[in-house]
Amino acid sequence: SSFGTQLWQPVANLPAGSYRLTVPVQLHWQENLDPNDPTWDSYTAESGAWILVNGQKLGQWVNARQMGDRTWTDHVVEFTLDAPADVEVLLRFKSKYAHKDFFIDFVRLEKID
């Protein structure tokens with residue numbers, strides 16, 4: 001059936017600097033969808049990654065057509081902190097219809113400067 005879920009992780013006192021959150025996601029459609037058929041619902045499933053910092057929500061949703069079937073899609077969020085701050089990592093997954101599976105692996109938050 002349809003579902004939605006999220007994973008949330010606070011990161012306390014992250015030092016000033018530039019960072020990249022990378023979240024590899026693989027969606028299994030579990031149904032016979034033709035990626036070239038424009039008539040099926042692209043929003044049958046979605047996933048997304050966000051950074052919540054200083055009142056901002058940075059990130060976005062990616063739909064089933066964009067993710068493809070059984071391929072890794074990297075959600076990437078880059079941000080800069082001018083001073084140490086507490087941030088939150090938020091990962092969300094949802095399926096409007098049955099027969100969708102999500103897999104994630106090697107989630108990482110890295111300093112890039």
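1. A charge is taken to sit over a ring if NZ of Lys or CZ of Arg is within 6 Å of the ring centre and within 35 degrees of the ring normal. In this predicted model, Arg-92 lies over the face of Trp-50, at 5.7 Å from the ring centre. The charged end of Arg-65 is placed over the ring of Trp-40, at 4.1 Å from the centre of that ring.

2. Trp-50 also takes part in an aromatic pair with Trp-61, which is edge-to-face, with 5.1 Å from centre to centre and 75 degrees between the planes. Because Trp-50 lies in strand β3 (residues 45–53) and Trp-61 in strand β4 (residues 56–63), the pair ties together parts that are 11 residues apart in sequence. Trp-50 is buried, with a relative accessible area of 4%, whereas Trp-61, at 32% relative accessibility, counts as partly exposed.

3. How many aromatic pairs does a search of the whole structure find? The search gives 5 aromatic pairs. One of them joins Tyr-19 and Phe-79, whose ring centres are 5.6 Å apart and whose planes stand at 20 degrees, so the pair is stacked. Tyr-19 belongs to strand β2 (residues 17–28) and Phe-79 to strand β5, and the pair links distant parts of the chain, 60 residues apart. Tyr-19 counts as buried at 4% relative accessibility, and Phe-79 counts as buried at 6%. Elsewhere, ring pairs link Phe-3, Phe-93 and Phe-102 into a cluster.

4. Phe-79 and Phe-102 return in the largest nonpolar core, which has 25 residues, and there they are among the residues that touch the most other members, together with Leu-21, Leu-27, Ile-51, Leu-81 and Val-87. The elements that give two or more residues to this core are β2, β3, α1 (64–67), β5 and β6 (85–95). If residues up to four places away in sequence are not counted, Ile-51 touches Leu-21, Gln-56, Lys-57, Leu-58, Val-77, Phe-79, Val-87, Glu-88 and Val-89.

5. The side chain of Ser-47 makes a polar contact of 2.7 Å with the side chain of His-75. Residues that Ser-47 touches, beyond those up to four places away in sequence, include Val-25, Trp-61, Met-67, Arg-92 and Phe-102.

6. Gln-26, found in strand β2, is buried as well, with a relative accessible area of 12%. The side chains of Gln-26 and His-28 are joined by a polar contact of 2.6 Å. Not counting residues up to four places away in sequence, Gln-26 touches Arg-70, Thr-71, Trp-72, Asp-101, Phe-102 and Phe-103. From C-alpha to C-alpha, Gln-26 and Ser-47 are 9.6 Å apart in space, and they are 21 residues apart in sequence.

7. A polar atom of the Thr-73 side chain lies 3.2 Å from the backbone oxygen of Met-67. Leaving aside neighbours within four places in sequence, Thr-73 is in contact with Val-23, Pro-24, Val-25, Gln-66 and Met-67.

Technical notes. Residues numbered from 1 in each chain as written. Predicted model: local features only at pLDDT ≥ 70, side-chain atom pairs only at ≥ 80, totals over all residues. Heavy atoms only, no water. Polar contact = N/O pair within 3.5 Å; in protein donor to acceptor, adjacent residues only side chain to side chain. Contact = heavy atoms within 4.5 Å. Phe/Tyr/Trp six-rings, centres within 6.5 Å; stacked < 30°, edge-to-face > 60°. Helix = DSSP H or I, 4+ residues; strand = E, 2+ residues; numbered from the N terminus. Buried < 20%, exposed > 50% of the residue type's maximum accessible area, 1.4 Å probe, protein only. Core = buried A, V, L, I, M, F, W, Y, C linked by side-chain atoms within 4.5 Å.
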